[in-house]
Structures are given as C-alpha cells and as structure tokens.
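Hi everyone, thanks for coming.

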Amino acid sequence: MAVVHEREPVTEILRAMALDADVCGELVRAARAHSPEVARLTEAETRSHVLAMIRAAGAWFSTFDRVEEQDFTTALLLGADRAGQGVPVTAVLRGVQAALTRAVEISVDRCRTSGVPDSALLPVILRLKEYGDAIERHVINGYHAAERGPEHETSGLRGRLLRQVLIDGVVPRAEELARAGIRAEDGHSPHHCLVAEATGPGHAQRLMRRLSALRGVSGLVEGRVVGLCPRLPQDGDLEGLIVASPAAPLDQLRPLYRLCVRAVDLGAAAGRHGWYELTDFAAEIAVADQPLLGSHLSGRLLSGLDPSDAFHRQLALTALTFLDNGRRLDQTAATLFTHPNTIRYRLGRFQQITGTSLTDTRPDGRGGPLDTLHWWWALTTWLGRG
C-alpha cells in the first residue's frame with residue numbers, strides 16, 4: 001500500500017492519542033452523545049473500551065497485516081458486555097460509530113499537524129475505516145454470541161447486580177441478591193471481589209463458570225470479568241491474570257473493586273499472568289498513581305543519566321533488575337542472561353555516574369527498605385515504566 005512509508009509517524013500519532021486523556025474524553029463524549037442508551041451507563045464503562053480500541057489501533061496500524069489476523073477481543077467483549085446490560089445492538093453501534101468517526105477526525109488533524117502530506121491522508125483514512133468496519137463486525141458477533149448463551153437472562157441479572165454493588169455502591173435487596181445467585185445465608189457475609197483480564201469471550205465464559213462454582217456471582221463489568229465470592233479459589237483454579245481483594249461487606253467493596261481494576265491494568269501492562277492478591281500490587285499502585293513525585297525522585301537520584309544514551313539505559317535496566325532480584329548478583333545475571341562479572345561492572349559504572357552504590361548497606365539507613373523503594377521508583381519512572 002502506498003502509505004507504508006508514512007506508517008511510523010501515523011502509528012506514533014495513534015499511540016499518542018491512546019495516552020491522551022483529552023482524546024479519550026472526546027471519544028467517550030461522542031459515543032454517549034449519539035447513543036442515549038450508552039449515556040445511561042457510567043463513563044468508566046465506555047472509557048475502558050475506548051482506550052483499549054485506540055491502543056489496538058496503534059498496534060494494528062504498525063503491522064499492516066490483514067485485518068483477519070488482528071486481535072479484536074476488546075470489540076467482542078464490548079458486544080457481549082452490552083448484551084448482558086440489555087443495551088440494544090443498534091444503540092451499541094451508534095455509540096461505536098460515533099467514537100470511531102471522531103477518532104478518524106482527530107487522527108487526520110494530528111497527521112496534518114505532524115507534517116504527513118495530504119497525498120498520504122486518503123490511504124490513512126481508508127485504512128482506519130477498514131479497522132472501524134472490523135471493530136463493528138466483532139462487536140456484533142460478541143453481542144449475538146452472548147444473546148445465544150443459555151444463561152443470557154441470568155447473566156443480565158448478575159451483571160446489573162455487580163454494577164450496583166461495585167460501581168454505584170448500592171447493596172440490592174435480599175430478593176434481588178437471591179435472583180442473581182447470592183444465597184440468603186451469604187448476603188450479609190464478607191465477599192472477595194475478583195477482577196480478571198479476559199482474553200476473549202470463551203475465556204470469559206470459563207472464568208465466570210469457575211467463579212459461579214464457588215457460590216459466587218460473576219459477570220462482565222467495564223469489559224472485564226468480575227466476581228463476588230465468599231471464599232477464594234485454590235491456586236491454579238483460574239487461568240489468566242486475576243486479582244482478588246480482601247473479604248469485605250458488600251457495601252465496602254466499591255473502592256476495593258477500583259483498586260483491583262488498577263492492579264489488573266498494571267499487571268496486564270507488565271505481561272503478568274496468574275493469581276494475585278490485591279495487596280501484592282500495593283507498592284506498584286501507590287507508585288503509579290504518583291507520577292509527579294516519581295519524576296522528581298528520578299530527577300534527583302538519576303540526574304547524571306542520559307535517557308538518549310543506550311549504555312545509560314542498559315545501566316538503569318541492570319540496576320532495576322538487581323533490585324527486583326533482592327540485590328543478588330547471580331539472580332540478576334541469570335535474569336539478564338549475562339555473567340555476574342558483567343553485572344558487577346555495570347553496577348560499578350552506575351555508581352560512578354550517580355554517586356551511589358546499590359550493593360552496599362550502610363549504617364545511615366541508606367540501602368534499607370525505604371532507600372530501595374526510592375531507587376526502584378526512580379529507575380522505573382526513568383525507564384518509562386511508571
């Protein structure tokens with residue numbers, strides 16, 4: 001295709017859009033303005049899908065592979081989620097189309113601002129339209145697949161109950177809890193909130209069946225599999241990335257749900273899989289939600305490092321891996337597939353540049369837990385992982 005030579009700038013534009021809160025807000029407003037049924041849902045439910053689709057568009061545009069070979073899991077889950085909420089498919093598509101149209105408008109405007117020639121814009125528009133058409137097809141497929149499910153009506157009840165408890169902070173009446181599957185004797189008991197990153201409709205259905213077997217209630221909320229369970233499953237019972245909150249009464253689960261969602265987002269971005277308790281992400285959530293402080297910390301501790309210098313980035317990565325491995329040379333070397341002497345040399349060069357040794361624990365407290373946290377936070381931010 002003639003636009004191949006423009007692929008890199010366009011890809012970077014799409015990636016920047018995915019990180020721009022103002023752009024995401026515009027697309028959410030467009031979807032809600034053109035679909036009153038979607039507007040009745042929370043903004044967070046629309047925003048999570050919009051963000052995922054923009055990010056997928058950037059990855060897809062960079063490959064120029066065939067549409068059929070791309071991952072449209074988010075679109076399938078969007079369709080299934082809206083079916084469970086009882087939103088008519090026509091209303092879903094109005095919202096999707098409005099958001100996609102606004103995304104194309106913003107993309108074209110930013111391409112022009114970035115110097116992409118007008119001669120290359122038509123292929124870009126056609127390529128984005130191809131992506132948009134594929135999104136719509138998969139939304140429809142996900143919607144109809146959920147409709148054909150044998151427990152569609154029950155799943156709708158469960159989804160509404162989960163949104164009441166976890167998004168609205170309202171505990172339904174005992175009759176409503178019973179209809180959704182929470183037994184009378186469990187209605188006043190503490191429950192764990194589980195949030196999982198589904199990789200597709202089939203995976204989502206398997207997760208929900210496993211949670212239901214634990215006397216729990218599960219469904220799709222904001223595009224993720226969410227469950228309320230009076231007890232936790234055994235390790236290995238569930239596949240994928242799952243985060244579970246401590247047990248709490250139903251009226252106290254709303255803030256825990258938000259923290260679980262944050263943990264899943266951070267874990268997915270880091271490529272994690274498996275079973276985690278919410279507290280496993282305590283430090284990462286705290287660090288990630290204070291980016292300004294992390295930036296100032298990295299500026300103070302790592303001012304001697306140059307982000308554009310590949311060797312300096314290698315030193316920072318080595319230092320971070322060293323901290324991640326409990327300051328063990330052998331484990332750090334194994335993780336980075338190199339010799340311990342190489343690690344020792346890099347840490348020595350790191351000390352020369354920053355003025356601080358990460359290998360020594362001193363009586364003034366430096367090298368202790370808080371000092372380690374500060375260095376880990378600074379390095380993570382400096383490397384662009386915060």
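Predicted model: local features only at pLDDT ≥ 70, side-chain atom pairs only at ≥ 80, totals over all residues.

Which residues of α2 are buried? They are V23, C24, G25, L27, V28, A30, A31 and R32.

Stay at the start of α2 for a moment. There, a side-chain oxygen of D20 comes to within 2.9 Å of the backbone nitrogen of D22. D20 also makes a salt bridge with R110, with 2.8 Å between the closest N and O atoms. These two partners come from distant parts of the chain: D20 sits in the loop between α1 (7-19) and α2, while R110 belongs to helix α6 (residues 89-113), 90 residues apart. R110 is partly exposed, at a relative accessible area of 26%.

That brings us to salt bridges in general. How many salt bridges are there? The count comes to 10. Another of them pairs R262 with D289, again with the closest N and O atoms 2.8 Å apart. R262 is in helix α11 (residues 253-269) and D289 is in the loop between α12 (282-288) and α13 (291-301), so this pair ties together parts that are 27 residues apart in sequence. R262 counts as partly exposed at 27% relative accessibility, and D289 counts as partly exposed at 39%.

Then there is D330 with R328, whose closest N and O atoms are 2.7 Å apart. D330 is partly exposed at 41% relative accessibility, and R328 is partly exposed at 39%.

On to the aromatics. The structure holds two aromatic pairs. In one, the ring centres of Y276 and F281 are 5.3 Å apart and the planes meet at 65°; over 60 counts as edge-to-face, so that is what we call this pair. Is Y276 buried or exposed? Y276 is buried, because its relative accessible area is 18% and the cut-off for buried is under 20%. F281 is buried as well, with 0%.

The other pair is F350 with W375, also edge-to-face, at 5.8 Å centre to centre and 65° between the planes. F350 lies in helix α16 (residues 340-354) and W375 in helix α17 (residues 369-382), 25 residues apart, so here the pair links distant parts of the chain. Both F350 and W375 are buried.

Next, helix α7, residues 118-148, which contains L126. Together with L122 and I125, L126 makes a nonpolar surface patch of about 270 Å². A134 is in helix α7 too, but A134 is buried, with a relative accessible area of 0%. Its C-alpha is 9.0 Å from that of A75, although A134 and A75 are 59 residues apart in sequence.

R327, in the loop between α14 (310-324) and α15 (329-335), has a positive phi near 60° without being a glycine. R327 is partly exposed, at 21%. F337, in the loop between α15 and α16, has a positive phi of about 55° and is not a glycine either. F337 counts as exposed, at 78% relative accessibility.

Thanks, and I'm happy to take questions.

Key:
Residues numbered from 1 in each chain as written. Heavy atoms only, no water. Phe/Tyr/Trp six-rings, centres within 6.5 Å; stacked < 30°, edge-to-face > 60°. Buried < 20%, exposed > 50% of the residue type's maximum accessible area, 1.4 Å probe, protein only. Helix = DSSP H or I, 4+ residues; strand = E, 2+ residues; numbered from the N terminus. Patch = residues over 30% accessible without salt bridge, like charges linked within 9 Å, V, L, I, M, F, W, Y side chains within 5 Å. Areas by Shrake-Rupley, 256 points an atom, 1.4 Å probe, with all protein chains shown as cover. Salt bridge = Lys/Arg side-chain N within 4 Å of Asp/Glu carboxyl O. Polar contact = N/O pair within 3.5 Å; in protein donor to acceptor, adjacent residues only side chain to side chain.
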